[in-house]
Amino acid sequence: MVAMIMIFMLSILGVSAMRSASLEGQLASNAIHKEITFQSAESASDAVLAINGKLESIICKDDEETLPQNNLGQSDDQITESVLEYGGRAAAMGYSLGGPVSARRFVVTGTSSLPDVHTSTTIAQGMLLIGAADESGDC
């Protein structure tokens, strides 16, 4: 009878240890997927900023430009894209208002998702392009 009780207690202990290990494996897997999407979203927004003349090409355009970024060395089931938006004029920080220097605002949003595991990350970065003031109208 004592042996049966000991076997029963050991089997319950073994089942609870297996459940705990399974849960820890799922938590680790979720953390890895979240980190993968975070790094891809950040790389996607940085990749847009690295394109020569890309910011200048959307000045004064009302619509945003969506750029697929599935060439970042990721798996086939991962979806990554960047959205570049023009935000208008801004005062250039560190320069006097109304002077010969002005700035243009941009927002770059990188998004990456793994649809199979329901994980996604979005990162938005603001950017100022500082240059000579353009007095030729609103834009």
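Where does Cys 60 lie? Cys 60 sits in the loop between α2 (54-57) and β1. We will come back to that residue.

First, the ground rules. This is a predicted model, in which local features need pLDDT of at least 70, side-chain atom pairs count only at pLDDT 80 or more, and totals for chains, interfaces and linings use all residues. Residues are numbered from 1 along each chain as its sequence is written, and side-chain values use heavy atoms, with hydrogens and water left out.

Now the overall layout. The chain has two helices and four strands. Helices (H or I, at least four residues) and strands (E, at least two) are DSSP runs, numbered from the N terminus. From that end, the order is α-α-β-β-β-β.

What box do the C-alpha atoms fill? Along the principal axes, the box is roughly 95 × 35 × 20 Å. For the chain it is 26 Å, while a compact globule of 139 residues would have one near 14 Å. That radius is taken over C-alpha atoms, and the globule rule is 2.2 Å times the number of residues to the power 0.38.

Next, the surface. The chain exposes about 9,200 Å². Carbon and sulfur atoms supply 60% of that area. Accessible areas come from the Shrake-Rupley method with a 1.4 Å probe; for residues, only the protein chains shown count as cover. Buried means under 20% relative accessible area, exposed means over 50%, and partly exposed is in between (1.4 Å probe, protein chains only). Of the 139 residues in the chain, 25% are buried.

Contacts are next. A contact means heavy atoms within 4.5 Å. Take the contacts in the chain with a separation of 6 or more: 60% of them join residues 24 or more positions apart.

Met 1 lies in the segment before α1 (2-49). Met 1 counts as exposed because its relative accessibility is 78%.

How many salt bridges does a search of the whole structure find? One. The side chains of Glu 65 and Lys 54 form it, at 2.6 Å, N to O. The pair links distant parts of the chain: Glu 65 is in strand β1, Lys 54 is in helix α2, and they are eleven residues apart. The definition asks for a side-chain nitrogen of Lys or Arg within 4 Å of a carboxyl oxygen of Asp or Glu. Side chains of opposite charge can pair when their charged atoms come close. Lys 54 counts as buried, because its relative accessibility is 14%. Glu 65 has 25%, so Glu 65 counts as partly exposed.

On to Gln 69. Gln 69 is in the loop between β1 (65-68) and β2 (79-90). Is Gln 69 buried or exposed? Gln 69 is buried, because its relative accessibility is 7%. Leaving out residues up to four places away in sequence, Gln 69 touches several others, including Ala 44, Ala 47, Val 48 and Gln 74.

Now the strands. Two strands pair if DSSP finds at least two bridges between them. β2 and β3 pair in the antiparallel sense over eleven bridges. Within that pairing, Gly 88 has Arg 105 in β3 as its bridge partner. Strand β3 (residues 101-114) is mostly covered, with ten of its 14 residues buried. β3 also pairs with strand β4 (residues 119-132), antiparallel, over 14 bridges. There, Phe 106 stands opposite Met 127 in β4.

β3 and β4 form a hairpin with four residues between them. His 118 is in that turn, with a positive phi of about 55°. His 118 counts as exposed, because its relative accessibility is 74%. Most residues other than glycine have a negative phi, and most peptide bonds are trans.

Back to Cys 60, as promised. Cys 60 is not a glycine, yet its phi is positive, about 70°. Cys 60 counts as partly exposed, because its relative accessibility is 37%.

One last residue. Ile 130 is in strand β4. Its relative accessible area is 44%, so Ile 130 is partly exposed. Ile 130 and Ser 57 are 73 residues apart in sequence and 15 Å apart in space, C-alpha to C-alpha.
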